[in-house]
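Welcome to my notebook. I looked up a few things one at a time, and I jotted each down as I went.

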Amino acid sequence: MTAQVDDLARPASSDAGSGIAVRNATVTYRNGHTALRDASFEIPIGTIAALVGVNGSGKSTLFKAIMGFVRLARGEIRVLGMTVAEALRRNLVAYVPQAEEVDWNFPVLVEDVVMMGRYGRMGMLRIPKAADHEAVSAALARVNMSDCRKRQIGELSGGQKKRVFLARALAQDSRVILLDEPFTGVDVKTEDQIIALLRELRDEGRVMLVSTHNLGSVPEFCDRAILVKGTVLACGPTAETFTQQNLERAFGGVLRHLVLNDAKGCAPTPFGVFTDDERPLIIQQGRATARRLESFDEERP
Ligand SMILES: Nc1ncnc2c1ncn2[C@@H]1O[C@H](COP(=O)(O)OP(=O)(O)OP(=O)(O)O)[C@@H](O)[C@H]1O
């Protein structure tokens with residue numbers, strides 16, 4: 001069953017085994033705008049969860065709350081059973097930012113960006129030890145960016161920059177990784193590489209929360225989905241949550257219906273197509289499919 005908001009409004013004492021538990025979280029900005037109201041969901045450890053919703057629905061606000069950048073007016077967030085402050089103090093949470101949040105003109109080498117993931121383990125003077133250099137090299141190798149380690153971060157392509165910030169999260173060795181639109185501006189090959197890496201990290205027992213507008217990719221690699229629109233509309237296993245009904249509530253008017261002939265050119269098969277991004281989500285009989293439009297095209301006669 002898809003967990004609805006009311007099911008999760010229970011005390012935080014049942015956190016054992018949960019990666020992120022958000023209960024009735026409400027965030028009101030200084031100008032009085034409440035961006036998130038009574039948001040509740042839970043993600044177990046060893047999970048990749050998608051965070052989806054239209055622009056302004058509160059995805060970044062939720063990330064900021066999990067990172068302790070904004071205070072909750074009401075409610076509670078637990079990370080690995082701890083308060084946010086405790087989880088951050090222990091370096092357990094890493095954040096991979098949106099491209100727009102970074103000043104790419106800042107003169108810094110790729111390896112220095114990745115080393116930032118180690119800062120929490122260093123002393124006041126931030127003098128790296130051998131273990132820090134090893135962690136940086138291993139993280140760069142894991143995202144296939146070792147050859148670029150001496151390059152300025154601003155010189156890299158969009159996909160390469162994303163991989164460097166992922167490497168920073170790996171060097172930090174966090175158990176919880178928040179990724180803010182990691183696929184925006186990256187080609188399909190890079191997207192597939194990032195997805196493969198996220199799966200490896202999941203299998204290591206980490207928790208990933210991925211904000212994305214690439215709805216078509218979600219059923220392919222996310223175990224769970226959280227649909228937001230000023231609050232959490234639905235959350236749970238992707239197969240149960242990513243339904244036409246829930247997506248229509250979250251995305252309203254962006255659903256289009258196409259009528260396509262099947263492979264034999266026989267009876268028309270109705271499909272719903274959500275076009276929030278360049279990677280559309282195909283809905284068939286009210287359920288999300290894991291196929292991308294381009295792979296569907298390949299099957300057409
Ligand atoms: N610092 C702020 N002060 C006041 N309001 C804010 C602030 N940051 C965001 N908001 C408002 O809160 C709401 C949620 O914004 P948020 O950035 O969380 O949305 P989002 O889902 O991440 O959007 P996008 O998909 O465009 O990144 C929006 O109405 C936004 O205008």
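**Entry 1: a strand pair.** I started with Thr 26, which stands opposite Arg 74 in S4. Helices here are DSSP runs of H or I with at least four residues, strands are runs of E with at least two, and both are numbered from the N terminus. Before going on, I noted that this is a predicted model, where local features need pLDDT of at least 70, side-chain atom pairs count only at pLDDT 80 or more, and totals for chains, interfaces and linings use all residues. Residues are numbered from 1 along each chain as its sequence is written.

**Entry 2: the sheet.** Next I asked in what order the four strands of the open sheet come. I found S2-S1-S4-S5, with antiparallel pairing; two strands pair if DSSP finds at least two bridges between them. The edge strands are S2 (34-44) and S5, each pairing on one side only. I looked up the bridges too: five join S1 (residues 18-28) to S4, and two join S4 to S5 (residues 82-83). In S5, Thr 83 is the bridge partner of Arg 78, and Met 82 stands opposite Val 79. The hairpin of S4 and S5 has two residues between the strands, and there Leu 80 takes a positive phi near 50°.

**Entry 3: Gly 75.** I found Gly 75 in strand S4 (residues 74-79). Is Gly 75 buried, exposed or partly exposed? It counts as partly exposed because it has 19 C-beta neighbours inside 10 Å. The scale is this: with C-beta atoms placed from the backbone, a residue is buried if 20 or more others lie within 10 Å of its own, exposed if 12 or fewer, and partly exposed in between. Not counting residues up to four places away in sequence, Gly 75 touches Arg 23, Asn 24, Ala 25 and Thr 26; contact means C-beta atoms, placed from the backbone, within 7 Å. I also checked Asn 105, which is 30 residues from Gly 75 in sequence and 39 Å away in space, C-alpha to C-alpha.

**Entry 4: helix H7.** Which residues of H7 are buried? I listed Glu 191, Ile 194, Leu 198, Leu 201 and Arg 202. They cover an arc of only 100° around the axis, so they lie on the same side of H7; the arc is that of the directions from the helix axis to the C-beta atoms. On the other side of H7, Lys 189, Ala 196, Glu 200 and Asp 203 are exposed. The buried residues pack against S3 (47-52), H6 (158-172), S7 (176-180), S8 (207-211) and H8 (218-221). Just after H7, Gly 205 takes a positive phi of about 90°.

**Entry 5: Ala 167.** My last stop was Ala 167, in helix H6. Ala 167 counts as buried because 30 C-beta neighbours lie inside 10 Å. Leaving aside neighbours within four places in sequence, Ala 167 is in contact with residues including Val 114, Ala 139 and Leu 140. Met 115 is 52 residues from Ala 167 in sequence, yet 9.2 Å away in space, C-alpha to C-alpha.

Notes. Two residues are in contact if their C-beta atoms, placed from the backbone, lie within 7 Å.
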